[in-house]
Amino acid sequence: MGRTVGSAPLPVSGRVSDTGRMESVLTRREPVRSLGMYVHVPYCSSRCGYCDFNTYVPGEAGHGSRESWRQAAIDEVSLAARELSPDRRVDTVFFGGGTPTLLPTSDLGAVLDEIDQQLGLASNAEITVEANPETISGEKLQELLDCGINRLSLGMQSADQQVLNLLDRVHSPGTAVAAAQEALAAGVSLVSLDLIYGTPGEDLRSWRSTLAAALDAGVGHISAYGLKVEPGTALHRRVRRGEVPRVDQDYSAAAYDATDEILSAAGLNWYEISNWSLAGHECRHNLNYWRGGDWWGIGPGAHSHLAGSRWWNHRSPQRWAAALQEGKSPRAGEEQLTEDQLLTELVMLHIRLVQGLDPADLGQNRNHITAKAEQLRELGLLSVGEPLTLTLAGRRLADRVTVELLEHA
Amino acid sequence: MTEPLPGATPSGVIRNFCIIAHIDHGKSTLADRMLQATDLVADRDMRSQYLDRMDIERERGITIKSQAVRLPYQAEDGVRYVLNLIDTPGHVDFSYEVSRSLAACEGAVLLVDAAQGIEAQTLANLYMALENDLQVIPVLNKIDLPAAQPDKYAAEIAHIIGCDIDDVLRVSAKTGEGVAELLETIVRDVPAPLGDSEAPARALIFDSVYDTYRGVVTYVRMVDGALSHRDKILMMSTETTHELLEVGVISPEPTAAPGLGAGEVGYLITGVKDVRQSRVGDTVTTSSAGAVESLSGYRDPRPMVYSGLFPIDGSEYPGLRDALDKLKLNDAALIYEPETSVALGFGFRCGFLGLLHLEIVRERLEREFGLDLISTAPSVVYSVLMDDGSDLVVTNPSEFPSGKVAEVTEPIVKATVIAPADYVGTIMELCQARRGSLLGMDYLSTDRVELRYTLPLAEIVYDFFDALKSRTKGYASLDYEPDGEQASDLVKVDILLHGEPVDAFSAILHRDSAYAYGVAMASRLRELIPRQQYEVPIQAAIGSRIIARETIRAMRKDVLAKCYGGDISRKRKLLEKQKEGKKRMKMVGRVEVPQEAFIAALSTDQDRK
């Protein structure tokens with residue numbers, strides 16, 4: 001694992017290396033495993049009905065202050081620097097949330113500077129920030145660029161006002177496209193739009209318009225997720241009370257097929273089940289997750305993974321910050337992955353990627369997994385040949401394929 | 001006067017009686033009160049419902065196994081009597097055991113709740129007592145209840161047994177009011193036993209209980225002669241001989257005695273380990289110079305209802321076998337043999353006396369042996385005559401022959417329903433719908449009616465009792481007894497999954513009900529069986545004719561949620577769970593079905609009951 005192979009060379013913009021040379025993560029050979037930093041900003045101005053992330057709106061219990069978040073994030077970077085070997089460089093940083101752009105950009109910059117000073121950012125590091133369209137302005141974009149951010153992931157969800165209403169999104173359909181265009185014009189070369197399909201009430205016509213609108217924005221990366229109604233969310237309660245119909249899996253399947261068809265035609269090819277991009281626009285930070293790389297999660301509830309060891313922080317921002325302030329570990333739990341678990345994760349994650357699952361990585365399980373793969377090929381879920389890659393039908397049933405492949409493992 | 005001792009009690013001072021009562025009408029409480037009134041149980045040892053030994057009995061408030069207690073009683077006439085209270089099981093499934101308990105008595109206390117009136121089962125047992133020429137003492141209980149209507153129900157009872165209203169005693173077992181008078185009435189009205197103390201020994205077995213420490217404890221009523229400690233005895237139906245290791249009476253704890261004389265009631269211990277060797281209804285005599293003729297009325301226990309019992313966790317199969325082997329020691333009516341089901345794995349086909357017997361066995365298996373079980377829909381015993389003249393007995397729908405069937409006969413019962421008169425119409429409708437034919441109808445009082453029907457046992461076993469209860473707001477009571485067989489237009493309905501029959505769901509039904517069953521079962525399974533990667537038809541069929549069809553559409557998509565850093569552990573655990581779940585999948589042809597789906601389909605069926 002930790003191999004970094006790819007389908008296409010990836011031009012990287014943003015922080016140009018000292019030598020000024022463009023370098024591709026997918027062709028580069030590294031002496032050590034790649035390392036990503038995830039920074040969780042747990043704040044939102046309001047909570048969306050479908051969202052089960054670890055986020056807090058003002059006034060909510062456990063919210064804590066933004067000042068304490070900034071200091072604690074900086075403290076956790078120091079903690080990471082103490083634990084990680086000094087020769088490691090950070091290849092990617094991802095500010096996720098929540099809504100990171102709700103914070104003053106100087107807070108994000110301060111954390112990023114700390115990462116660079118304590119750990120060292122690779123010269124070609126990919127630095128992403130997630131944003132809701134309504135938080136983006138020309139001024140904000142300039143601040144983000146100035147502090148080193150080179151990738152923007154915008155939550156667009158849909159171009160259909162009714163869908164946005166049902167999802168409790170506060171922006172109007174045109175805002176996300178406009179924000180993406182503004183970002184591209186301002187010089188953020190990597191812009192991604194997040195979309196959600198399968199919302200009750202949506203039909204294929206509505207979804208095709210959403211895809212067209214996203215492509216019109218001119219972005220090189222689109223993530224499209226099937227809506228999942230998570231227990232504990234307001235939407236789940238509404239579905240349970242019968243106010244909102246359940247997500248129709250057959251419709252979602254049709255929407256997925258439409259997504260692949262429309263995005264491929266526009267040159268954005270799938271590289272992971274829910275992600276499509278122009279060649280070279282793949283999200284390196286996320287690829288690192290799927291390839292079993294190392295990453296450190298800064299922030300409340302953030303998960304980390306270092307060479308088969310995984311841990312996660314306290315979910316409450318207050319508790320997380322308090323632990324760091326007292327010089328204690330912010331960890332709430334950890335697990336050391338067993339051989340079986342490592343195999344499950346390898347199959348589960350690699351099969352999601354366009355490069356697929358290489359039988360050479362399977363060790364002693366190679367034979368029975370390839371035998372199971374033969375059955376799945378007959379059902380039309382895997383393509384012919386190796387590595388094992390999902391067909392379109394297989395992508396829709398990826399969980400099933402994973403379980404089948406692992407059946408006797 | 002001195003206390004009459006076991007083995008040396010003149011039959012003139014003995015009174016053998018039982019209490020006939022409906023569940024909850026206060027039989028156990030009355031028995032408790034009698035124990036106290038005769039000073040047999042010190043107040044501090046008194047626990048509620050003293051004579052109900054098993055936990056299940058105490059919790060369900062019913063008596064499954066009868067026992068007999070010897071009550072020394074100083075009557076007002078100055079004589080010291082011996083009252084033997086023989087407890088009777090209170091449910092229709094155990095009517096044979098009831099009949100043997102009644103045969104051991106000369107008198108019966110008819111105990112009726114003064115707020116509810118007589119119920120169908122009580123009535124059936126009362127008729128049985130009257131047929132056995134028992135002296136019936138009518139008693140209204142719970143007269144302390146605000147809702148009691150003693151005058152009304154006294155009139156009802158007087159009408160049924162043909163006595164005077166004033167002959168109906170009024171008692172509160174709870175407060176003790178009237179219990180003293182009842183005891184005096186028993187002494188006065190119940191005849192002393194008539195037996196020949198000089199004749200060869202003959203004892204009627206009316207109950208047989210397995211005890212972990214003592215082996216089988218056999219409860220007997222000495223009819224003629226005597227039995228003594230160390231006698232060699234002969235069980236006349238099974239023709240086995242044993243040595244009497246212990247003879248005794250329950251008073252109220254087991255107390256060894258030198259012997260039992262004519263008219264007395266007590267217990268025998270021989271060291272046998274299986275109640276099948278000491279059967280209810282059998283006659284015990286001495287192995288040398290014993291009786292030639294056994295007492296009348298013995299019959300082998302005959303299962304009326306069959307059901308498959310399967311452990312939900314397949315690895316518990318050996319545990320289930322051991323548990324059944326143990327239960328069998330204490331339950332002469334329970335029979336079983338191994339059965340394999342595609343849907344449910346390895347289990348046992350079990351025969352029961354009836355539905356309650358099934359429920360009790362299942363509950364004991366789950367409670368006392370910690371097993372988690374699923375049972376298939378109960379089936380009655382069918383006789384199938386083929387065109388070629390051969391015939392066979394079918395207790396499991398999956399054994400129903402596929403060839404040319406000339407005739408199928410099914411057991412029928414004579415059923416008695418007692419309900420408020422307002423419900424006569426709805427009850428008649430129900431019985432009509434369940435293929436019943438009316439035998440007669442009587443008003444017990446101005447507003448309570450007794451209806452008599454013949455009904456197929458299969459309809460009763462299916463859901464008749466529940467339907468009756470729900471249509472009469474719980475006011476109707478039901479009793480039934482076997483009444484032979486009848487030929488009916490019966491067919492076997494198979495449920496097919498992708499063309500493969502699912503054995504656990506085959507059913508033998510009247511042709512008129514087949515379609516409804518097929519539609520209901522197919523649609524239930526469609527709800528419960530997860531979508532596969534291809535379309536799966538579910539069909540209901542009679543032979544090769546399809547009568548209903550549903551389709552499970554192909555699954556096109558599973559969850560395509562995000563899978564980023566923080567999602568990986570959760571996602572992995574989910575897949576590990578699915579992988580574990582896959583191991584428990586049952587294959588029906590190519591179709592993968594979680595056992596839970598089969599269990600749920602069967603449970604929904606059982607929940608209705």
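User: In this predicted model, which residues does K586(B) touch, not counting residues up to four places away in sequence?

Analyst: A contact list is read as the set of residues that surround a side chain through heavy atoms within 4.5 Å. For K586(B), that set consists of V342(B), A343(B), L344(B), G345(B), V591(B), E592(B), V593(B), Q595(B) and F598(B).

User: Where is the place of K586(B) in chain B?

Analyst: K586(B) belongs to strand β32, which covers residues 585–588 of chain B.

User: Which residue of chain A meets K582(B) in a salt bridge?

Analyst: The partner is E407(A), with an N to O distance of 3.6 Å. Between chain B and chain A, the count of salt bridges is ten. Helix α12 of chain B, residues 568–583, gives the most to the side that touches chain A, contributing eleven residues. By class, that side of chain B holds 14 charged, ten nonpolar and five polar residues.

User: How many residues does each chain bring to the contact, and what area do the chains bury between them?

Analyst: Chain A supplies 47 residues and chain B supplies 29. Together the two chains bury about 3600 Å², of which 53% is on carbon and sulfur atoms. Across this interface, 20 residue pairs are in polar contact, counting pairs with both residues at pLDDT 80 or more.

Note on methods:
Residues numbered from 1 in each chain as written. Chains lettered and ligands numbered in written order. Predicted model: local features only at pLDDT ≥ 70, side-chain atom pairs only at ≥ 80, totals over all residues. Heavy atoms only, no water. Helix = DSSP H or I, 4+ residues; strand = E, 2+ residues; numbered from the N terminus. Buried area = accessible area lost by both parts, 1.4 Å probe. Salt bridge = Lys/Arg side-chain N within 4 Å of Asp/Glu carboxyl O. Polar contact = N/O pair within 3.5 Å; in protein donor to acceptor, adjacent residues only side chain to side chain. Nonpolar A, V, L, I, M, F, W, Y, C, P; charged D, E, K, R; others polar.
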